[in-house]
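Me: I would like to learn how to read a few local features in a protein model. Could you take me through them one at a time?

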Amino acid sequence: MTQEEKYMQLALKLARRGVGFVEPNPAVGCVVVKVDQVIGKGWHKEFGGPHAEINAIEDCRGIGATLARATMYVTLEPCCHEGKTGPCCDAIIAANPAKVIIATPDPADHANGKGIERLRAAGIEVVVGLCKQDAEVLNAPFFKFVRTRRPWVTLKWAQSIDGKLAAASGSGGDRWISNELSRKDVHKLRRSVGAILVGAGTVIADDPFLTPRPSRGKHPLRIVLDSNLRIPLKSRIISTKRSPSMIVCTAGVMQTKQEKIERIRKKGVEVFISAQNEGKCDIDSLLTELGRRGIQQLLVEGGPEVITAFLKGNHADAVRVYIAPKIMGPTGTADINKAMAKSATQTQLHHANVQTFNQDACITGLIKEIKTPATPPQQ
Ligand code: AOF
Ligand code: ZN
């Protein structure tokens with residue numbers, strides 16, 4: 001690894017601290033280096049807060065250092081628009097570093113090379129493309145949404161070693177599969193997405209709230225895939241108002257369950273009549289609709305049939321699975337292995353990452369490899 005790559009990797013590491021807090025913004029990190037010394041570090045810490053570059057410039061000021069003759073490493077093209085904060089480009093130009101090294105351009109309309117141009121026009125040397133792939137993997141949901149206007153889909157489940165997602169009611173065993181720390185992580189994940197989806201079977205079996213707890217001001221849309229409108233009117237997703245809800249069913253129920261539709265709508269819950277695919281709700285057009293509503297990320301939380309349908313239809317971008325050191329044996333239900341045995345394709349996850357939450361393992365991986373052109377960084 002070159003020295004420059006090391007600095008950019010440090011900026012990427014700082015950026016990762018923002019994951020879970022900055023969405024739907026990208027996570028961005030920044031390192032300022034002068035005569036081989038890091039004189040400032042910054043990252044985008046939370047949605048609506050100052051950008052990475054501003055925090056890094058502030059950090060330099062904190063030790064009384066100026067950016068003259070310094071090099072700034074930043075994981076995303078600095079913005080030049082007036083957003084929730086002032087344009088980073090103007091702050092960088094005012095601080096006047098000799099060089100700015102950027103991992104990847106920002107494809108958002110308000111950026112898309114304009115920030116790079118503005119820095120160059122001010123006489124700052126700009127290099128683009130260092131550690132580009134890592135930067136693309138880091139913000140893959142943001143990049144997908146900006147480029148395609150479709151949400152990034154993560155399939156998440158927690159399983160026992162023998163592939164069970166739930167404990168049978170009355171089995172006497174522990175209700176939870178994963179441990180408290182894993183579940184805390186799931187709530188952080190919920191806070192980072194625009195919508196959370198489950199199948200009607202999960203609602204009937206578990207009656208989940210499907211809200212992030214604590215919410216910290218985040219209220220992702222709760223979606224139930226329910227082609228035959230089986231959801232009980234008393235279910236928490238309908239009766240609690242903490243987050244908006246949307247029940248997705250097919251046109252067939254408009255004749256047979258008109259009254260139920262009305263009753264759900266009267267409770268302030270949306271009933272969305274979806275296009276149909278083999279008698280089920282068409283996931284593809286639902287994703288288009290969610291994208292149209294500006295939802296950047298969708299978290300699919302089960303059950304086994306729904307998770308498998310997303311995999312089979314090639315609608316998933318990422319998988320995050322928590323594996324608890326537990327064998328459920330006869331007390332386990334919702335068998336993910338059984339559902340997946342019906343799924344047509346073998347899938348090798350890319351850019352995989354393994355974490356532990358106390359004694360639970362958590363594997364994250366992407367369905368497709370993130371490819372970037374193998375060109376050397378432009379000078
Ligand atoms: C940067 N540095 O650290 C981030 C950037 O609403 P705002 O003002 O927070 O702007 C959000 C947009 O700015 C976001 O959509 C993305 O294009 C860019 N994010 N840019 O220069 C940062 N997080
Ligand atoms: Zn900015």
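Reply: We will go through a pocket, a surface patch, some backbone features and a salt bridge.

This is a predicted model, where local features need pLDDT of at least 70 and side-chain atom pairs count only at pLDDT 80 or more, while totals for chains, interfaces and linings use all residues. Residues are numbered from 1 along each chain as its sequence is written, chains are lettered from A and ligands numbered from 1 in the order in which they are written, and side-chain values use heavy atoms, with hydrogens and water left out.

Me: What volume does the second largest pocket have, and which residues lie nearest its centre?

Reply: A pocket is an open set of points on a 1 Å grid over the protein atoms alone, where a 1.4 Å probe fits, with protein on both sides within 12 Å along at least five of seven lines; lining residues have an atom within 4 Å of a point. Here the volume is about 990 Å³, meaning the space filled by probe spheres set on the points, which are joined across faces, edges and corners. The lining has 34 residues, and Val19, Val137, Leu138, Arg320 and Thr364 lie nearest the centre.

Me: Which strand gives the largest share of that lining?

Reply: Strands (E, at least two residues) and helices (H or I, at least four) are DSSP runs, numbered from the N terminus. S17 gives the largest share, four residues. Among the other elements supplying at least two residues are helix H5 (132-138) and strand S18 (360-366).

Me: Which residues form the positive surface patch?

Reply: Patch residues have over 30% relative accessible area (Shrake-Rupley, 1.4 Å probe) and no salt bridge, with like charges joined within 9 Å. In this model Lys13, Arg17, Lys41 and Lys45 form the patch. Arg17 sits in the loop between helix H1 (3-16) and strand S1 (29-34).

Me: Where is the peptide bond from Glu23 to Pro24 placed, and what is its omega?

Reply: That bond is cis, with omega near 5°, and Pro24 is in the loop between H1 and S1. Arg213 and Pro214 are also joined by a cis peptide bond, with omega about -5°.

Me: What is phi of Asn112?

Reply: Asn112 is not a glycine, yet its phi is positive, about 50°.

Me: How many salt bridges are there?

Reply: A salt bridge puts a side-chain nitrogen of Lys or Arg within 4 Å of a carboxyl oxygen of Asp or Glu. The structure holds 16. One of them pairs Lys99 with Glu125, whose closest N and O atoms are 3.9 Å apart. This pair links distant parts of the chain, strand S4 and strand S5, 26 residues apart.

Technical notes. Patches are made of residues with over 30% relative accessible area and no salt bridge: like charges are joined within 9 Å, nonpolar side chains (Val, Leu, Ile, Met, Phe, Trp, Tyr) within 5 Å. Lys and Arg count as positive and Asp and Glu as negative; His and the chain ends are not counted. The place of a charge is taken as NZ of Lys, CZ of Arg, CG of Asp or CD of Glu.
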